[in-house]
Amino acid sequence: RTVYVNGEYLPETEAKVSIFDRAFLMADGVYEVTSVLGGKLIDFDGHAKRLDRSLSELDMPSPMGRDELLEIHRELVRLNEIEDGLIYLQVTRGAPGDRDFVFPDPETTEPTVVLFTQSKPGLAESPAAKEGIRIISIEDQRWGRRDIKTVQLLYPSMGKMMAKKAGADDAWMVEDGAVTEGTSNNAYIVKGDTIVTRQLSTDILHGITRAAVLRFAREAQMKVEERPFTIEEAQGADEAFITSASAFVTPVVEIDGVALGGGTPGPLAARLREIYLDESR
Ligand code: PDD
């Protein structure tokens, strides 16, 4: 596989990053995941804009403009012959010579920019899309700026493991009695003809797929309520689903052992998935 590191395309075995990199020492970096379907990038502009926002919230300069970033994404898709898959992009505050809590001067410490591809044949035809996923609820123990897409993913990773150990597929995190989001996706329930999902704030990541799906839902005259909901309300909902760049729209069929809609995916989630994939490809 060919990867991109700081201006160079290299075989993955030759790519190197300093041990002093602040993402390695302090999780001082941000990332984006963009999906590729049939060789085409999905929602690239949304991801590029959110990257700039994450960087600016952390006082990091943007290493390059949107066009250059797009060119690198396209080149990696070409070099690695990606039909369906993901592109991972990470920008860190770079590698000053020492470990220090004070941010290094951006004039002297260059950001580290890394991109690589993951081939996932049939990404849009996953069994989860047809069968739905089972989720458990866990306490949200992440930091308070979840709107910044940082590489601090230890708690979400632990949450995913808690779900696997419980025989489920993923976890929804709960804070002050209400669902924030999934470990790596946004969370939704459907009540009658209304889609309910938590409103944007610093409590959740502003999903690029979320923005697109809510826009398509409104265009299709579906009702959308942006507000918090509890696990209890979700267990009594008609349907539930998640969205992310890698899951698109994926139905949820069980929450903490309670089956939704008889344990089979609901029609509204299926329709939204179809609309999203049709409109984005
Ligand atoms: N995760 N919420 C969290 C906590 C996430 O990590 C993600 C994405 C989302 C959905 O955002 P988007 O629709 O822009 O992908 C919501 C990516 C896919 C990941 O970490 O792999």
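Me: What makes Asp 176 stand out in the hairpin of E8 and E9?
Reply: This is a predicted model, and the angle comes from its coordinates. Asp 176 takes a positive phi near 50 degrees. Most residues other than glycine have a negative phi. The hairpin itself has two residues between its strands.

Me: How do you know that E8 and E9 pair?
Reply: Count the bridges. Three bridges join E8 to strand E9, residues 178-182. Pairing needs at least two bridges, so this count passes. The two strands run antiparallel. Within the pair, Val 174 stands opposite Val 179 in E9.

Me: How many bridges join strand E7 to strand E8, and in which direction do they run, parallel or antiparallel?
Reply: Five bridges join E7 (residues 133-139) to E8 (residues 170-175). At least two are needed, so E7 and E8 count as paired. They run parallel. Ser 137 has Trp 172 in E8 as its bridge partner.

Me: What makes E7, helix H5 and E8 one unit, and which hand does it have?
Reply: E7, helix H5 (residues 154-165) and E8 make a β-α-β unit. The unit is right-handed. That label is used because, with the strands pointing away from the viewer, the path over the helix runs clockwise.

Me: In what order do the strands of the open sheet lie?
Reply: The order is E2-E1-E6-E5-E3-E4. That makes six strands, and the pairing is antiparallel.

Me: Why are strand E2 and strand E4 called edge strands?
Reply: Each pairs on one side only. E2 covers 8-11 and E4 covers 40-41.

Me: How do you know that E1 pairs with E6?
Reply: Two bridges join strand E1 (residues 2-5) to E6. The cut-off is at least two, so the pair qualifies. The strands run antiparallel. Val 5 stands opposite Val 114 in E6.

Me: How many bridges join E5 to E6?
Reply: Eight bridges join them, and the strands run antiparallel.

Me: Where is Phe 101, and why does Phe 101 count as buried or exposed?
Reply: Phe 101 sits in the loop between strand E5 (85-92) and strand E6 (112-119). Phe 101 has 5 C-beta neighbours inside 10 Å. Exposed means 12 or fewer, so Phe 101 is exposed. The C-alpha atoms of Phe 101 and Asp 45 are separated by 33 Å, and the two are 56 residues apart along the chain.

Me: Which residues come nearest to the ligand?
Reply: Leu 205, Gly 207, Ile 208, Thr 209 and Ala 245 do, out of 14 residues around the ligand. Helix H6 (208-219) and strand E13 (239-244) are the elements that give two or more residues to this shell. H6 gives the largest share, three residues.

Me: What classes of residue make up the shell around the ligand?
Reply: Eight are polar, four are nonpolar and two are charged.

Me: How many helices and strands does the protein chain have, and how does its radius of gyration compare with the globule rule?
Reply: The chain has eight helices and 15 strands. Its radius of gyration is 19 Å, close to the 19 Å that the rule gives for 281 residues, so the chain is as compact as a globular protein of that length. Its C-alpha atoms fill a box of roughly 55 × 40 × 35 Å, taken along the principal axes.

Me: What share of the chain is buried?
Reply: Buried residues make up 39% of the 281 residues.

Terms used. Residues are numbered from 1 along each chain as its sequence is written. This is a predicted model: local features need pLDDT of at least 70, side-chain atom pairs count only at pLDDT 80 or more; totals for chains, interfaces and linings use all residues. Helices (H or I, at least four residues) and strands (E, at least two) are DSSP runs, numbered from the N terminus. A residue is near a molecule or strand if its C-beta atom, placed from the backbone, lies within 6 Å of it. Ala, Val, Leu, Ile, Met, Phe, Trp, Tyr, Cys and Pro count as nonpolar, Asp, Glu, Lys and Arg as charged, and the others, Gly among them, as polar. The radius of gyration is taken over C-alpha atoms; the globule rule is 2.2 Å times the number of residues to the power 0.38. A residue is buried if 20 or more other C-beta atoms lie within 10 Å of its own, exposed if 12 or fewer, and partly exposed in between; C-beta atoms are placed from the backbone.
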